[in-house]
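Colleague: I'd like to learn how to read a model like this one, feature by feature. Could you walk me through it?

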Amino acid sequence: MRRRVTLKGHGIAAGLAGALAGPPASSAGLDCGPPPAPHPEADAVLTQAIVSPQLDTNAGTALASAVRRLRSEGVPRAVIVDHAVAAYCPLVARDGSLTLDRQREAVRRFASTLTSLVYDPPDPTQGETAFILSLPVKPALSLQIDAAAAKAGKTRDAWILEAIQARLAGD
């Protein structure tokens, strides 16, 4: 089973990583905050993974590979997360097709996915990376999920995963 992270491709070369250290992207309303102190190796590897031409079809693999490489070189986890989000956020901020709410959601989703890649590496015997999905739901739906999970004798997360897998299998 292939898992995919949806990241929109943007035309920026890895060599422009230094340009990302400019002022925070906030012209469209999305404030990316100040960039972290430069870390040339992390900046180059992460920017290349984020702006890869195969981004739409291979994003999870590109990010996972970049994370593995940086971790094997001793780059601290927090540095990887900070630098990847710092590279990604301005790209999203420049995407005029997205509303401010969608821009914020894209950055949150990316940060969540990246954090799971960095802090929850896959078991060496497994070939896949698990992604943590975050989805806002209204309180009434949350209560329905809790009730359905309790009725099935499952945890909330187990019930949600099973419901998604059943729905996908039925398509």
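Colleague: Among contacts in the chain between residues at least 6 apart in sequence, what percentage join residues at least 24 apart?

Modeller: A contact here means heavy atoms within 4.5 Å. Among contacts between residues at least 6 apart in sequence, 67% join residues at least 24 apart. Before we go on, some ground rules: this is a predicted model, where local features need pLDDT of at least 70, side-chain atom pairs count only at pLDDT 80 or more, and totals for chains, interfaces and linings use all residues. Residues are numbered from 1 along each chain as its sequence is written, and side-chain values use heavy atoms, with hydrogens and water left out.

Colleague: Thanks! How many helices and strands does the chain have?

Modeller: Both are DSSP runs numbered from the N terminus: helices are H or I with at least four residues, strands are E with at least two. This chain has six helices and zero strands, so in order from the N terminus you read α-α-α-α-α-α.

Colleague: How should I read burial, and what share of the residues counts as buried?

Modeller: Buried means under 20% relative accessible area, exposed means over 50%, and partly exposed lies in between, with a 1.4 Å probe and protein chains only. Of the 171 residues in the chain, 33% count as buried. As for the total, the accessible surface comes to about 10,600 Å², and carbon and sulfur atoms hold 57% of that. Those areas come from the Shrake-Rupley method with a 1.4 Å probe, and for residues only the protein chains shown count as cover.

Colleague: On to the nonpolar core. Which residues have the most contacts inside the largest one?

Modeller: In soluble globular proteins, nonpolar side chains tend to be buried together. A nonpolar core is a set of buried Ala, Val, Leu, Ile, Met, Phe, Trp, Tyr and Cys residues joined through side-chain atoms within 4.5 Å. The largest one here has 31 residues, and I50, F110 and L114 have the most contacts inside it. At least two residues come from each of α1 (40-50), α2 (55-72), α3 (77-93) and α4 (100-119). Helix α3 contributes the most, with ten residues.

Colleague: What about aromatic pairs: how many does a search of the whole structure find?

Modeller: Rings of Phe, Tyr and Trp (its six-membered ring) pair if their centres lie within 6.5 Å; planes under 30 degrees apart count as stacked, over 60 as edge-to-face, and the rest as tilted. The search finds one such pair. The ring centres of Y88 and F110 are 4.1 Å apart with their planes at 20°, so this pair is stacked. Y88 sits in helix α3 and F110 in helix α4, 22 residues apart, which links distant parts of the chain. Y88 is buried at 5% relative accessibility, and F110 is buried at 1%.

Colleague: Which cysteines form a disulfide?

Modeller: The rule asks for a pair of cysteine sulfur atoms within 2.5 Å. One disulfide turns up in the whole structure: C32 with C89, their sulfur atoms 2.0 Å apart. The angle about the S-S bond is -85°, and the link is left-handed. It joins distant parts of the chain, with C32 in the segment before α1 and C89 in helix α3, 57 residues apart. C32 is partly exposed at 23% relative accessibility, whereas C89 is buried at 4%.

Colleague: Last topic, salt bridges. How many does the count come to?

Modeller: Side chains of opposite charge can pair when their charged atoms come close. The rule is a side-chain nitrogen of Lys or Arg within 4 Å of a carboxyl oxygen of Asp or Glu, and the count comes to seven. One of them joins K154 and E162 at 3.1 Å, N to O. Salt bridges with shared partners also join E41, R69 and E73 into one network.
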